[in-house]
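Please examine the model shown below. The questions that follow take up its elements, contacts, pocket, salt bridges and ring pairs.

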Amino acid sequence: MLMNGFDNGVLPLLGFAMLGLAVVAFVFALMAREDAYRAADKQTKTFWLVILGITVLVDFFLGMLFLEIAGLVASIVFFVDVRPALKQVSGGGGGRRSGGSSSDGPYGPYNGGR
(Lines give C-alpha, C1' and ligand atoms only; values in the text may rest on other atoms or scores of the structure.)
Protein backbone atom coordinates (compact mmCIF):
# COMPACT_ATOMS: atom_id res chain seq x y z
CA MET A 1 0.00 0.00 0.00
CA LEU A 2 2.84 2.38 0.80
CA MET A 3 4.56 1.60 -2.51
CA ASN A 4 1.31 2.17 -4.36
CA GLY A 5 1.06 5.66 -2.87
CA PHE A 6 4.70 6.30 -3.70
CA ASP A 7 4.25 5.15 -7.30
CA ASN A 8 1.09 7.23 -7.77
CA GLY A 9 2.11 10.33 -5.81
CA VAL A 10 5.81 10.99 -5.43
CA LEU A 11 7.28 9.53 -8.62
CA PRO A 12 5.07 11.55 -10.99
CA LEU A 13 5.96 14.73 -9.09
CA LEU A 14 9.67 13.93 -9.38
CA GLY A 15 9.19 13.24 -13.08
CA PHE A 16 7.49 16.61 -13.60
CA ALA A 17 10.25 18.36 -11.66
CA MET A 18 12.96 16.72 -13.76
CA LEU A 19 11.07 17.58 -16.95
CA GLY A 20 10.70 21.20 -15.84
CA LEU A 21 14.39 21.47 -15.00
CA ALA A 22 15.35 19.99 -18.37
CA VAL A 23 13.04 22.37 -20.26
CA VAL A 24 14.41 25.42 -18.43
CA ALA A 25 18.01 24.28 -19.04
CA PHE A 26 17.21 23.75 -22.73
CA VAL A 27 15.71 27.24 -23.04
CA PHE A 28 18.72 28.83 -21.31
CA ALA A 29 21.09 26.88 -23.59
CA LEU A 30 19.08 28.03 -26.60
CA MET A 31 19.19 31.70 -25.58
CA ALA A 32 22.96 31.85 -25.05
CA ARG A 33 25.19 32.96 -27.93
CA GLU A 34 27.33 30.41 -29.75
CA ASP A 35 30.52 32.42 -29.27
CA ALA A 36 29.94 32.55 -25.51
CA TYR A 37 30.34 28.76 -25.33
CA ARG A 38 33.70 29.00 -27.12
CA ALA A 39 34.82 31.95 -25.00
CA ALA A 40 33.91 30.11 -21.79
CA ASP A 41 35.86 27.05 -23.03
CA LYS A 42 32.80 24.79 -22.76
CA GLN A 43 31.30 22.31 -25.20
CA THR A 44 29.53 23.80 -28.19
CA LYS A 45 26.00 25.15 -28.17
CA THR A 46 24.93 22.32 -30.48
CA PHE A 47 26.29 19.74 -28.04
CA TRP A 48 24.29 21.16 -25.12
CA LEU A 49 21.14 21.58 -27.21
CA VAL A 50 21.32 17.94 -28.31
CA ILE A 51 22.00 16.62 -24.80
CA LEU A 52 19.29 18.74 -23.16
CA GLY A 53 16.85 18.13 -26.02
CA ILE A 54 17.25 14.38 -25.64
CA THR A 55 16.74 14.83 -21.91
CA VAL A 56 13.46 16.67 -22.50
CA LEU A 57 12.28 13.97 -24.92
CA VAL A 58 13.22 11.13 -22.56
CA ASP A 59 11.54 12.83 -19.60
CA PHE A 60 8.40 13.59 -21.61
CA PHE A 61 7.92 10.41 -23.62
CA LEU A 62 9.92 7.46 -22.30
CA GLY A 63 9.83 7.80 -18.54
CA MET A 64 12.71 5.37 -18.02
CA LEU A 65 14.18 6.16 -14.61
CA PHE A 66 17.81 5.40 -15.53
CA LEU A 67 17.71 7.72 -18.55
CA GLU A 68 15.83 10.36 -16.56
CA ILE A 69 18.55 10.35 -13.91
CA ALA A 70 21.26 10.65 -16.58
CA GLY A 71 19.37 13.63 -18.02
CA LEU A 72 19.02 15.12 -14.56
CA VAL A 73 22.80 14.95 -14.16
CA ALA A 74 23.25 16.70 -17.52
CA SER A 75 20.79 19.45 -16.50
CA ILE A 76 22.53 19.96 -13.17
CA VAL A 77 25.94 20.15 -14.87
CA PHE A 78 24.57 22.78 -17.24
CA PHE A 79 23.15 24.90 -14.40
CA VAL A 80 26.14 24.55 -12.07
CA ASP A 81 29.04 24.72 -14.51
CA VAL A 82 28.10 25.93 -17.99
CA ARG A 83 25.48 28.61 -17.33
CA PRO A 84 27.57 30.59 -14.77
CA ALA A 85 30.54 30.51 -17.18
CA LEU A 86 28.32 31.74 -20.02
CA LYS A 87 26.94 34.54 -17.85
CA GLN A 88 30.44 35.62 -16.84
CA VAL A 89 31.66 35.69 -20.43
CA SER A 90 28.52 37.44 -21.68
CA GLY A 91 28.81 40.18 -19.06
CA GLY A 92 25.87 38.99 -16.99
CA GLY A 93 27.89 37.86 -13.99
CA GLY A 94 27.81 41.15 -12.12
CA GLY A 95 24.35 40.73 -10.68
CA ARG A 96 21.59 43.28 -11.10
CA ARG A 97 23.47 46.25 -9.73
CA SER A 98 25.02 48.48 -12.31
CA GLY A 99 27.38 50.34 -10.04
CA GLY A 100 27.81 51.63 -6.53
CA SER A 101 30.36 51.86 -3.82
CA SER A 102 32.28 49.01 -2.26
CA SER A 103 30.52 49.82 1.01
CA ASP A 104 27.06 49.26 -0.45
CA GLY A 105 25.10 46.46 1.12
CA PRO A 106 22.22 44.54 -0.39
CA TYR A 107 19.71 47.20 0.73
CA GLY A 108 21.76 50.33 0.10
CA PRO A 109 24.87 52.03 1.47
CA TYR A 110 26.35 50.82 4.72
CA ASN A 111 26.91 53.75 7.06
CA GLY A 112 28.81 52.04 9.86
CA GLY A 113 25.91 51.88 12.33
CA ARG A 114 25.48 55.65 12.64
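A series of questions and answers on this structure follows.

Q: Which pattern does the protein chain follow, read along the sequence?
A: This is a predicted model, in which local features need pLDDT of at least 70 and side-chain atom pairs count only at pLDDT 80 or more, while totals for chains, interfaces and linings use all residues. Residues are numbered from 1 along each chain as its sequence is written, and side-chain values use heavy atoms, with hydrogens and water left out. Helices (DSSP runs of H or I, at least four residues) and strands (E, at least two) are numbered from the N terminus. The protein chain has four helices and two strands, and their pattern is α-α-α-α-β-β.

Q: What percentage of the residues of the protein chain count as buried?
A: Buried means under 20% relative accessible area, exposed over 50%, and partly exposed in between, with a 1.4 Å probe and protein chains only. Of the 114 residues of the protein chain, the buried share is 23%.

Q: Is S75 buried or exposed?
A: S75 is placed in helix α4, residues 65-90. A contact requires heavy atoms within 4.5 Å; leaving out residues up to four places away in sequence, S75 touches L21, A22, A25, L52 and T55. Because its relative accessibility is 1%, S75 counts as buried.

Q: Which element gives the most to the lining of the largest pocket?
A: A pocket is an open set of points on a 1 Å grid over the protein atoms alone, where a 1.4 Å probe fits, with protein on both sides within 12 Å along at least five of seven lines; lining residues have an atom within 4 Å of a point. The lining of the largest pocket consists of F28, M31, A32, R33, A36, F78, R83, L86, K87 and S90. Two or more of these residues come from each of α1 (2-31) and α4. With five residues, the element that gives the most is α4.

Q: What volume does the largest pocket have?
A: Grid points are joined across faces, edges and corners, and the volume is the space filled by probe spheres set on the points. The lining divides into six nonpolar, one polar and three charged residues, where Ala, Val, Leu, Ile, Met, Phe, Trp, Tyr, Cys and Pro count as nonpolar, Asp, Glu, Lys and Arg as charged, and the others, Gly among them, as polar. The volume of the largest pocket is about 160 Å³.

Q: How far apart in space are M31 and K45, C-alpha to C-alpha?
A: M31 is placed in helix α1. Its relative accessible area is 59%, so M31 is exposed. M31 and K45 are 14 residues apart in sequence, and their C-alpha to C-alpha separation in space is 9.8 Å.

Q: Which residue forms a salt bridge with D35?
A: A salt bridge is a side-chain nitrogen of Lys or Arg within 4 Å of a carboxyl oxygen of Asp or Glu, and a search of the whole structure finds three. D35 is partly exposed, at a relative accessible area of 35%. With the closest N and O atoms 3.0 Å apart, the salt bridge partner of D35 is R33.

Q: What separates E34 and R38 in helix α2?
A: E34 and R38 form a salt bridge whose closest N and O atoms are 3.7 Å apart. E34 is partly exposed at 29%, whereas R38 is exposed at 56%. Because they are four residues apart in helix α2 (residues 34-39), the separation is about one helical turn.

Q: How many residues apart in sequence are the parts that D81 and K42 tie together?
A: D81 forms a salt bridge with K42, the closest N and O atoms lying 3.0 Å apart. Since D81 lies in helix α4 and K42 in the loop between α2 and α3 (45-62), the pair ties together parts whose separation in sequence is 39 residues.

Q: Why is the pair of F28 and F79 edge-to-face?
A: Rings of Phe, Tyr and Trp (its six-membered ring) pair if their centres lie within 6.5 Å, and planes under 30 degrees apart count as stacked, over 60 as edge-to-face and the rest as tilted. The count comes to five aromatic pairs. The ring centres of F28 and F79 are 6.0 Å apart and the pair is edge-to-face because the planes stand at 90 degrees.

Q: Which residues do ring pairs link into a cluster?
A: F28 is partly exposed at 25% relative accessibility, and F79 is partly exposed at 22%. The cluster linked by ring pairs consists of F28, F47, W48, F78 and F79.
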